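Subject: Structure handover

Hello,

Here is the structure I said I would pass on. My notes on it follow below.

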Amino acid sequence: CMKMKYIYLLLILVFPLKVLRAQPVDSPPGVVINHIPANLDRFIGSPSICILPDGNYIVSHDEFGPTSTEFKSAITRIYVSVDKGKSWKRISQINGQFWSTLFYLNGALYIIGTNKHHGNLVLRRSDDYGKTWTIPYDGKNGLLLEGEYHTAPTPVLIHKGRIWRAVEYATARTTKWGERYSAMVVSAPLNSDLMNAGNWTRTNHLYYNPDYLNGSFQAWLEGNVVATPSGEVVDVLRVQVPKGHKEVMALVKVNLSGDSVSFASSDFYDMPGAAKKFTIRYDTVTQRYWSLVNEVPDSLQQISPNSVRNMVTLVSSLDLKKWKRHKVVLFHPDHLRHGFQYVDWLFEKNDIIFVSRTAYDDNTGGAKNNHDANFITFHRIENFRAMTAD
């Protein structure tokens, strides 16, 4: 009898402890880099990925939402993986960095974006692989443009002895979302001090035009600077269109001197997923441009394409104008509270590695909606060149 009492007391002590322990997070596809429960009213945004010379991966993301500091001095967190993406460790936090892209150049790691939601365009450098970062306090130390600018984790381009980056001027005629964004590009000589704003050239900016697409044009933003097969530079932009309209991207021409951009109203081209942010990169092996896009499933064609983010499709193009579907790599049947979006990716030998701003189920009730992501996740597509069209 005494033995049974001891066993009973032991059960009382042990099992409550188990109940109080944090339950494991319901895992979305891929490897979870970070998770923020939706009830904190802070959400994960702007994933970016970079491969360091030693083979380690660096990833960044920012935070947005009601309890974030996105409108004052945004927070970006930096993570490293030393085992090819199997596990991740946070190594630093940057205060005053938003909508940013990581890149490695000339022996240093850089991050370029704004300092807040619609803020200054800033560049920071890290000489210790992301552990510490410079502060962009003036024009000689990374404060590239003052004013209100918009961007996303889209690529930098190294071409014709210059580094190029797309950005949108966000104070043009109006402060209304979409209509406020004007397409533009900044660039600098590769052999210059990139932290010095005086070495960067800014193009003119192209205003929103409500007459484009026969009146269906609602915005262009989050441009990708890409070199064309003929060696020209273009800015390929996401285009906002109403429900029922096919998804298209805009192809803006950039002068090789880096001081001007131009656009013809005929330079809209069909592209799956082009109403959401995408990253385009060129593969010298296949001589194709590749992207991971939020394609709209057939069953959701009558919904505004901007709001459909539950499917990621691998696509490619020979000329940036005609796109071919290859493989659906992520999908969830619910489009309201699940999303794999703002995908940033890189080639690694025969694979593609990518990070996703992921809205998914967890043990606190899941994501608030498909836009307000509660995870950042890492993924790998093996032997992507062997994939054939579905």
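A residue counts as exposed when its relative accessible area is over 50%, and as buried when that area is under 20%. Lysine 160 has a relative accessible area of 57%, so it is exposed. Please keep in mind throughout that this is a predicted model.

Backbone angles

Lysine 160 belongs to the loop between β10 and β11. Its phi is positive, about 55°, although the residue is not a glycine. Most residues other than glycine have a negative phi. Glutamate 222 also has a positive phi of about 55° and is not a glycine. This glutamate is part of strand β14, and its relative accessibility of 3% is under the 20% limit, so glutamate 222 counts as buried. If you check the backbone, these two residues can be looked at together.

In soluble globular proteins, nonpolar side chains tend to be buried together. The largest nonpolar core here has 24 residues, and the members that touch the most others are Phe217, Trp220, Val239, Phe263 and Phe268. At least two residues of this core come from each of β11 (162–169), β12 (182–189), β14 (219–227), β15 (233–240) and β16 (248–254). Of the elements, β16 gives the most, with four residues. A further core of 21 residues lies apart from this one and includes Ala108, Leu123, Ile163 and Trp200.

What does phenylalanine 217 contact, once neighbours within four places in sequence are left aside? The list is Tyr208, Asn209, Tyr212, Val239, Gln240 and Phe268.

Valine 248 is located in strand β16 and, with 4% relative accessibility, counts as buried. Excluding residues up to four places away in sequence, valine 248 touches Leu213, Val239, Val241, Phe268, Tyr269, Asp270, Met271 and Ala274.

Strand β25

Strand β25 covers residues 375–381, and six of its seven residues are buried, so the strand is largely enclosed by the rest of the structure. Strand β1 (residues 31–35) runs antiparallel to β25 and is joined to it by four bridges. Within this part of the structure, asparagine 34 is opposite isoleucine 376 of β25. Strand β24 (residues 351–359) is also antiparallel to β25, with seven bridges joining them. Isoleucine 353 has arginine 380 in β25 as its bridge partner.

The volume of the largest pocket is about 560 Å³. Its lining comprises 25 residues, and those nearest the centre are Pro155, Val156, Leu157, Ile158 and Arg281. Two or more lining residues come from each of β2 (43–51), β6 (98–105), β10 (156–159), β14, β19 (280–283) and β23 (339–348). Strand β6 gives the most to this lining, with five residues. By class, the lining of the largest pocket consists of 20 nonpolar, three polar and two charged residues.

The second largest pocket holds about 450 Å³ of space. It is lined by 23 residues, of which His117, Trp177, Tyr342, Arg357 and His371 are the closest to its centre. Which elements supply at least two residues each to the lining of the second largest pocket? They are β2, β3 (57–64), β6 and β14. This second lining divides into seven nonpolar, 10 polar and six charged residues.

A loop glycine

Glycine 139 sits in the loop between β8 (119–126) and β9 (143–150). Beyond residues up to four places away in sequence, glycine 139 touches Met195, Asn196 and Ala197. Asparagine 199 is 60 residues from glycine 139 along the chain, and their C-alpha atoms are separated by 10.0 Å.

That is the list as it stands.

Regards

Definitions and conventions
Residues are numbered from 1 along each chain as its sequence is written. This is a predicted model: local features need pLDDT of at least 70, side-chain atom pairs count only at pLDDT 80 or more; totals for chains, interfaces and linings use all residues. Side-chain values use heavy atoms; hydrogens and water are left out. A nonpolar core is a set of buried Ala, Val, Leu, Ile, Met, Phe, Trp, Tyr and Cys residues joined through side-chain atoms within 4.5 Å. Buried means under 20% relative accessible area, exposed over 50%, partly exposed in between (1.4 Å probe, protein chains only). Contact means heavy atoms within 4.5 Å. Two strands pair if DSSP finds at least two bridges between them. On a 1 Å grid over the protein atoms alone, a cavity is a set of points where a 1.4 Å probe fits but cannot get out, and a pocket is an open set with protein on both sides within 12 Å along at least five of seven lines; lining residues have an atom within 4 Å of a point. Grid points are joined across faces, edges and corners, and a volume is the space filled by probe spheres set on the points. Ala, Val, Leu, Ile, Met, Phe, Trp, Tyr, Cys and Pro count as nonpolar, Asp, Glu, Lys and Arg as charged, and the others, Gly among them, as polar.
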